[in-house]
Structures are given as structure tokens and as C-alpha cells.
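Please keep the sequence and the 3D structure in view while reading.

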Amino acid sequence: MLGIDIGTSSAKGVLVALDGRILRTATREHTVSRPAPGHVEMDARVWWEEFVGLATELTAGTEARVTGIGVSGMGPCVLLADEDGEPVRPAILYGVDSRAEEQIEHLTGHFGEDEILARCGSVLSSQAAGPKIRWIADEEPAVFARASRLFMPSSYLAFRLTGQYMLDHSSASMVTPIYDTAALDWHRPWTEEVAGGLELPPLRWSGEIAGTVSAEAAAQIPGIEPEVPVVAGAIDAWAEAISVGATAPGDVMLMYGTTTFLVAITDQPAPSRSLWVTSGTTEGTFTLSGGMASSGAITGWLRELTGDADFSTLVSEAETSGVGANGLLMLPYFAGERSPMSDPSARGVIAGLTLSHSRGDLYRAALEAAAYGVRHHVEALREAGVRIERMVAVGGGTQNELWPQIVSDVTGLAQEVPRRTVGASYGTSMLAAQAAHGTDTSAWNDIDHVCVPDPDAAARYDELYRMYRELYPATKDITHALAALQREG
């Protein structure tokens, strides 16, 4: 099985045997474009180039034969293309792109916030794809006039592989406000107002076969033969949840990465004004999710800023700093914030600095800030009526024990850490194995260990979390004014 995931900072691929063994992995680093403040884009042609490169590398010189392909990618993104699938402009990325504030305000006023919440389960925010489609129509009408189809990374790869135009339900349900979560279909009456002129893709479930590899696509990738099944796929966080078995109601997947993301599985839609309701990856399930705009990205920024020390050194220094980072408190809103408070103009704050604070204290404060953000999300999930029976951690941040331990201490929740944390590409290979061979993948990725809260640390973090929640409203007016100055240049 071949699984490929297009992420924010890299594309990752994995070649997997039918018993779940990882045969090979490969990565391609890339960067996104930031053409204006609040604008985050990527050339979709790079997605296909990286897919071809990864697939070729993974299959070269091996006797393993690819019999199924899974695809996933960051999202929800807005890639508009012509009827042949040729992009008419770079793809607009998910909630880290905050350009469509005017469209969010207009569409909310036009349709009504309560009506949007009732139909879609979520209100409009920078995470919603609908206002970004409308932004292109408003700001780039000549470009929009050339567009006829809507893609996201996974559906674009599937189209290039098979020629089939489609989109999985969980991705489509983030094209708020034109997907009806209860009806599990596009809401046509609102489509004209948001995306008039676009041919909306037919819908599939993530594990359904989108089509088979065309002769044209196979000719570009020596290790892949024509007629190999390709599954519909999913947005990366949902594929990551599949990779660790967080697929049953009561499960929550917590992804540690450049951003932090939570996906809670439910058996009914759980409407929320602060989080995002979507269809699940399988029929009969739904999700309530949320994501921070920056978390691991802050630790990378600190690393570059303080001399590019290796991460093991920084983690060791943060361990020495201890609970509370020697009196530092950080707001992690370095790129605005997506949820639970949708605020593109939020900014990072470091409170309590003195001349005696060290690099380790700053690094610890960044890890703790991300953990406070997770607790904020956990509280929002519970307020929406979501039961949390099991939390599974995944992503690069689980490779050291300190960050997950801090999160468990702050939230009071145990976290199961699986043996394999390859991520979304592994999850899509599971979908491919299930679809192409009917394989039972439930035993592919068992739990390696459980991170349990430390009661003493948890008690101290309760007080620090209270201060964390107070710090945002106390500094909001100032940081918004500074954000406005930043936009002015």
C-alpha cells in the first residue's frame, strides 16, 4: 500500500505491507507562500510533483507491488481549477490564511449566524472554505471566471491519478456554509451566493474508491501500474486519526505538529460556535474539531532565534526549567488563533520576562502555552456535550516525552501514544488496504505507552491556566492595535 500526505511544511510518503509493516518512508520539504499579511498559499502543481517524486522513490528497486493508494493533505484548502483540473491560481490554505474577514462578515449577515450554525454545525471563521471562494470571486473576478472546479490536496491528487472529480464528505463539510451536515450533501440554495459558477464535486466517503490509476498517470510513475485503486482520502488530521485508531465515538485524536489539532469523534453532530463540526470519514460518524494556528512552529522559531541548538538540548533545558517556566506565561497566538476563539488579529504575548530568564525557560513556556491551548479546546469540547473517553496522541511532538507530559498535566487527561506515529500517510495506507483488499487494519498500530498526569504538577498548572485565560482579554486591545500596524507595513 502507498500512502501520500501533503502537509504544510512537507509531503510525506509511506510504503506499507498488508500486515501493517512500514517498508519505506520518504519526505519532501517545501514552503508556503505569504504574498500579503494574512495570506498563505501554495502552488498546487508542487503537490503532484512531490507525489510523483515520493512514489518513485518509495517504489524504486523494491519487489513490493503497489496494489492500493491513499492520499491526504492539509485543509480545508481552496484550489480552483478549470474543467481540465488546471489550477487558475495558487491554492488558499486552511485557517492560517485569514484574508476573508470581510466575506465572513458579509455571508454571516446575509444568511444569519444562527441559520448557518443550525445547517452546518459551525459558524463562519478563517477555517471555513466558503468565504475564501467568495474572496476570489470578489477580489479576482477574472481569475474566478476561468474556474469551474473546486479541489483540496487529496482530491487534486486523486484527480491527477484517476481523472475522477470528487471530494470526500469530511473535507466537503468544511466548505461552510454550502455543505449541509444533517443532509450530508451540498446545500444548493446557498451555493450561488458563495460559489456561483463552480461545478461542485460529487461526494465520497474517505475509504471509498475514487477511481483507478490511469495509463497517463502510471506513465509518469515507474513503480505504479494502471488500474490500481485510489481511495477518496481525507484532510490530514482526519487521516492521522485513522492512523492511530481514533475512529469511535468518545475518541479524541491530538496531533502535535507545526500546529496543534484535535479531532473528537461523535455519533451525532455537536454544534459549536467555537469549534468545527464535520462529517466523519465513515458514514454514521461526525467530528468536532479545533486547531491552534501555531504551536510547534513557535518552538522552531525559538530554536532559530537562539542559535539553532538541537531539539534534544532545548528539551533538556526546558525540563530543568520546571513547571511554570520560572514564572513565564506565554500566549501562543503568534499567527492569530483559529479556535476556540477565532481571532486572526490575536498575537503572541510573553509575560513575566526578566533578565534572569533562560532559553530553557522560554522553550518551556512555549510548550506550556500549547498545552494551555489544548485545555481550552478540551473545555470547549465538553461545553458542546462531547464525551472524552480516550485521547490518542500523534505527530512529531510525541517523539520526546516532555511535551505530552506537560499536556497531560495541564489537561488532567491520560494520553495513549501509539507505536507508530508516521501520521496521515499511514492512515491513508490503511484506507487503501481496507478498500482494495478488505484488510482488517485494527492491529496495525498498537499502543506503545500511556502518558499519565502528575497530580502535583496538575495542581500548579490549574492556577497558571487561570492566569493564561485572563491574559488574552487583558492584552487583546493592545495586540489588535499592534496587528493593525503590522498589516500597514
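The model is predicted, so local features need pLDDT of at least 70 and side-chain atom pairs count only at pLDDT 80 or more, while totals for chains, interfaces and linings use all residues. Residues are numbered from 1 along each chain as its sequence is written, and side-chain values use heavy atoms, with hydrogens and water left out.

**Helix pairs**

Helices are DSSP runs (H or I, at least four residues), numbered from the N terminus. Axes are lines fitted to C-alpha atoms over the stretch in contact, and angles run from 0 to 180 degrees between N-to-C directions.

| Helix pair | Residues | Angle | Axis distance |
|---|---|---|---|
| α13 and α16 | 359–383 and 455–488 | about 80° | 10 Å apart |
| α2 and α8 | 101–111 and 188–195 | roughly 150° | within 12 Å |

Helices α13 and α16 are therefore roughly perpendicular, a term for angles of 65 to 115 degrees. Their contact (heavy atoms within 4.5 Å) involves R364, E368, A369, Y372, G373, R375, H376 and E379 of α13, and Y461, D462, L464, Y465, Y468 and R469 of α16. By class there are 6 nonpolar, 2 polar and 6 charged residues in this contact. Here Ala, Val, Leu, Ile, Met, Phe, Trp, Tyr, Cys and Pro count as nonpolar, Asp, Glu, Lys and Arg as charged, and the others, Gly among them, as polar.

Helices α2 and α8, in turn, are therefore roughly antiparallel, the term for angles over 145 degrees. Residues L107, H110 and F111 of α2 meet W190, E193 and V194 of α8. That contact comprises 4 nonpolar, 1 polar and 1 charged residues.

**Pocket and cavity**

On a 1 Å grid over the protein atoms alone, a cavity is a set of points where a 1.4 Å probe fits but cannot get out, and a pocket is an open set with protein on both sides within 12 Å along at least five of seven lines; lining residues have an atom within 4 Å of a point. A volume is the space filled by probe spheres set on the points.

The second largest pocket has a volume of about 400 Å³. It is lined by 25 residues, of which A241, I242, G245, A246 and T247 are the closest to its centre. Helix α10 gives the largest share of this lining, 4 residues. The lining has 10 nonpolar, 14 polar and 1 charged residues.

The structure holds 1 cavity of 30 Å³ or more. The largest cavity contains about 80 Å³ of space. Its lining residues include S122, Q127, M174 and W276, and the lining divides into 5 nonpolar, 5 polar and no charged residues.

Definitions and conventions. Helices (H or I, at least four residues) and strands (E, at least two) are DSSP runs, numbered from the N terminus. Angles under 35 degrees count as roughly parallel, over 145 as roughly antiparallel, 65 to 115 as roughly perpendicular and the rest as oblique.
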